[in-house]
Amino acid sequence: MKYLKQICVIFLFTFLGEALHWLIPWPVPASIYGMVLLFAALSLKLLPLKAVKETGDFLVSMLPVLFVAPAVGLLDHWERLQGSLIPVLVILVVST
């Protein structure tokens, strides 16, 4: 039950981010709005860390699994990617 409450809190901030994205016509993704709101709530102690800690830790531990699908997509489009491999690698190194 604890994990269900925590995921609901995370989904609430995701929903608030979607609402802000709809209300504010800036080119900022809704997920960024939601993360900023969650960060602000945690930083200002409006939301205790224990309200999302275990579920957040679980989601972070699952991140490698979530990158499998994009990696397979890159392999599927390898022919298209080969022509611009150097710029893509530079972008990856700089952004990382």
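**Entry 1: Cys8 and the model**

I began with Cys8, which has a relative accessible area of 44% and therefore counts as partly exposed (buried means under 20% relative accessible area, exposed over 50%, and partly exposed in between, with a 1.4 Å probe and protein chains only). I noted that this is a predicted model, in which local features need pLDDT of at least 70 and side-chain atom pairs count only at pLDDT 80 or more, while totals for chains, interfaces and linings use all residues. I also noted that residues are numbered from 1 along each chain as its sequence is written, and that side-chain values use heavy atoms, with hydrogens and water left out.

I placed Cys8 in helix α1 (helices are DSSP runs of H or I with at least four residues, numbered from the N terminus). From Cys8 to Val52, 44 residues apart in sequence, I read a C-alpha to C-alpha distance of 9.3 Å.

**Entry 2: other residues of α1**

I looked up Gly17, also found in helix α1, and its relative accessible area is 0%, so Gly17 is buried.

Between Ile10 and Pro27, 17 residues apart in sequence, the C-alpha to C-alpha distance is 22 Å.

**Entry 3: the largest pocket**

I turned to the largest pocket, which holds about 340 Å³ of space. A pocket here is an open set of points on a 1 Å grid over the protein atoms alone, where a 1.4 Å probe fits, with protein on both sides within 12 Å along at least five of seven lines, and lining residues have an atom within 4 Å of a point. The volume is the space filled by probe spheres set on the points.

I found 13 residues in the lining, with Ile10, Thr14, Gly34, Met35 and Leu38 nearest the centre of the pocket. Helices α1 (2–23) and α2 (30–43) each supply at least two lining residues, and the largest share, six residues, comes from α2.

**Entry 4: the salt bridge**

I found one salt bridge in the structure (a side-chain nitrogen of Lys or Arg within 4 Å of a carboxyl oxygen of Asp or Glu). Lys53 and Asp57 form this pair, and their closest N and O atoms are 3.0 Å apart. Because Lys53 and Asp57 are four residues apart in helix α3 (residues 53–61), about one helical turn separates them. Lys53 is partly exposed at 37% relative accessible area, and Asp57 is partly exposed at 43%.

I checked Lys45, which lies in the loop between α2 and α3, and its phi is near 60 degrees, a positive value in a residue other than glycine. Most residues other than glycine have a negative phi. With a relative accessible area of 71%, Lys45 is exposed.

Lastly I looked at a nonpolar surface patch of about 500 Å², made by Ile86, Leu89, Val90, Leu92 and Val94 (patches take residues with over 30% relative accessible area and no salt bridge, and nonpolar side chains are joined within 5 Å). Val94 sits in helix α7 (residues 85–95), and at 69% relative accessibility Val94 counts as exposed.

Note on methods
Patch = residues over 30% accessible without salt bridge, like charges linked within 9 Å, V, L, I, M, F, W, Y side chains within 5 Å. Areas by Shrake-Rupley, 256 points an atom, 1.4 Å probe, with all protein chains shown as cover.
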